[in-house]
Every structure is written in C-alpha cells, then in structure tokens.
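Here's a quick walk through a few backbone and strand details. Have the sequence and the model open side by side as you read.

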Amino acid sequence: VEAVHLIADGKAPRIPQPKEGATYEGIQKKENAEISWDQPAAALHNWIRGHDKVPGAWAKIGDQVVTFYGSSLVDASVPAGQELAIKGASRPGLVTKSGLVIFGNDGKMVLVRNLQFEDGKMIPASKYFSADETASLELTEEEKKMAEDIR
C-alpha cells in the first residue's frame, strides 16, 4: 500500500536499471544474420537454428542471398550429392536427397532442410538444382468437366 501511495504522490524512487548483466538482445536484423563460415559445425547449426524463422540466417550462393532454415547436426559419413559453391565457405556444400549439407571448419557436417530465395520462394534444399523445373498439371476428362461445372 505504501508503494502505491508513493507512486500516486509522484515520490517513488526512480533507479535506472544498470546495463551490466542485462540479457535483453534487441530485435535481430537481417543484415546481422549472415553466416560466418569460419566456425565449427555446432556453431553453424546454432547460428542457423537461432535465427530460424526471423530474421533467418543467410549466405550468398552465386549473386543471390539465400536464407537457411531447419538445420540439424549430422554424425555420419559424407553423403553423395551435387556440389554447391557458397560464398565464404571453405568447402562447397552438397545438395543431397535429404537437403543441403554444409561443413564447419572442423570438418563436421550440418544438414539444412529448407532454403528461401530473395523473392520469398522457399524450397526443400534437396530440390535446389531442380528449382527451375516447372510441373504441369494434366486433368482427366472427368476433372476437366468438374472444373467447367465449378466455373
């Protein structure tokens, strides 16, 4: 009750909170989420996981900014896949049937499951090299009739 009265009377003490020991980390910005490749695999995984979904950890592949989502550490032999040059990485990534395998400076691996391009399009990382393929939908005669009825 005394504290409420002090506040109401405008006499409550005002003590600024010290910055030392504060744990609040402000809003993360996309420009600060670029992946630094000179780290062990566990640090790469934590960086990607820590920025998943917002703002999203990113790297340049070719001239395009690509955001990485859904990482996990891999403790197995190097899988077969198609090499993908990533700017700044000491070793190219591998596009495998499970996703994009990237390497830490300790030689260990991280699997990234999804990639998002600058235009907002998100694809499974395993489909990186087939992202430009377009699939056409073929309707049966019955489906064509149903589509016409719906129209």
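## From S4 into S5

Valine 95 has leucine 100 of S5 as its bridge partner. Keep in mind that this is a predicted model. The pairing of strand S4 (residues 93–95) with S5 is antiparallel and runs over two bridges.

Together, S4 and S5 make a hairpin, with four residues sitting between them. Look in that turn for glycine 99, whose phi is positive at about 150°.

## On to S6

S5 also pairs with strand S6 (residues 109–116), again in the antiparallel sense, this time over four bridges. Here phenylalanine 103 has methionine 109 in S6 as its bridge partner.

This is a hairpin too, with five residues between the strands. Glycine 107 takes a positive phi there, near 85°.

Now hop back to the loop between helix H2 (41–50) and strand S1 (57–61), which is where lysine 53 sits. The bond joining aspartate 52 to lysine 53 is a cis peptide, with omega at about 0°.

Proline 55 is also found in the loop between H2 and S1. Its peptide bond from valine 54 is cis, with omega near 0°.

Note on methods:
Residues are numbered from 1 along each chain as its sequence is written. This is a predicted model: local features need pLDDT of at least 70, side-chain atom pairs count only at pLDDT 80 or more; totals for chains, interfaces and linings use all residues. Side-chain values use heavy atoms; hydrogens and water are left out. Two strands pair if DSSP finds at least two bridges between them.
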